[in-house]
Amino acid sequence: MEARYVFRAELCLEPDQPSVRLEPSTAETTVTVFHEAPEPGREGWLFFRDTLWRGELSDAAYGRQLVEEWLDEPVESVSFRELQVDQEYFAAMKDGIAADLESFNAETVSEVLSKYLGSSIRVTDKV
């Protein structure tokens, strides 16, 4: 059972030493960041509920802060791309959501997935 959140982040490289300079056009770089999703039911598995809305970061500043912590680098911008899941994880995720629909203020699992992830879920054979 595997899943990961995928983000696109724009970093601004800054030299630690005053004797080092970067050409401005090369100081920014864009990277893809993969963040492992905890198994449903484990601590942190509701990251999607607490961080996303309709497939976007619900708070851009908080998203930048998270990615800065993960990378230990300054982040100019970040965007959520998708949640990649295998079949087993997706089934467990839907079961976990179904068991607690009230906390999502929703009537169906599909409503929850749409509300927080939009169409940004990719189910694959292997993550």
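Visitor: In what order do the 4 strands of the open sheet stand?
Guide: This is a predicted model, in which local features need pLDDT of at least 70 and side-chain atom pairs count only at pLDDT 80 or more, while totals for chains, interfaces and linings use all residues. Residues are numbered from 1 along each chain as its sequence is written, and side-chain values use heavy atoms, leaving out hydrogens and water. Strands (DSSP runs of E, at least two residues, numbered from the N terminus) pair if DSSP finds at least two bridges between them. With mixed pairing, the order in this open sheet is β2-β1-β5-β6.

Visitor: Why is one side of β2 and of β6 left without a neighbour in the sheet?
Guide: Strands of a sheet pair through backbone hydrogen bonds, either parallel or antiparallel. β2 (28-36) and β6 (121-124) stand at the edges, so one side of each has no neighbour in the sheet, and each has a single partner strand.

Visitor: Which residue of β5 is the bridge partner of A9?
Guide: Strand β1 (residues 3-12) runs antiparallel to β5 (residues 75-86), and 9 bridges join them. Within β5, E10 stands opposite S77, and the bridge partner of A9 is V78.

Visitor: Which residue of β2 stands opposite Y5?
Guide: β1 also pairs with β2, in the antiparallel sense and over 9 bridges. In β2, the residue opposite Y5 is H35.

Visitor: How many of the 10 residues of β1 are buried?
Guide: Buried means under 20% relative accessible area, with exposed over 50% and partly exposed in between (1.4 Å probe, protein chains only). β1 is largely enclosed by the rest of the structure, because the number of its 10 residues that are buried is 7.

Visitor: At what angle to β5 does helix α3 run?
Guide: Helices are DSSP runs of H or I, at least four residues. Axes are lines fitted to C-alpha atoms, for helices over the stretch in contact, and angles run from 0 to 180 degrees between N-to-C directions. Helix α3 (residues 87-98) lies across β1, β5 and β6, and its angle to β5 is about 95 degrees.

Visitor: Which residues touch the most other members of the largest nonpolar core?
Guide: A nonpolar core is a set of buried Ala, Val, Leu, Ile, Met, Phe, Trp, Tyr and Cys residues joined through side-chain atoms within 4.5 Å. Of the 32 residues here, those touching the most other members are Y5, F48, L83, M93 and I97.

Visitor: With which residues is M93 in contact, leaving aside neighbours within four places in sequence?
Guide: Contact means heavy atoms within 4.5 Å. For M93, with those neighbours left aside, the residues are P40, W45, F48, L83, L113 and L117.
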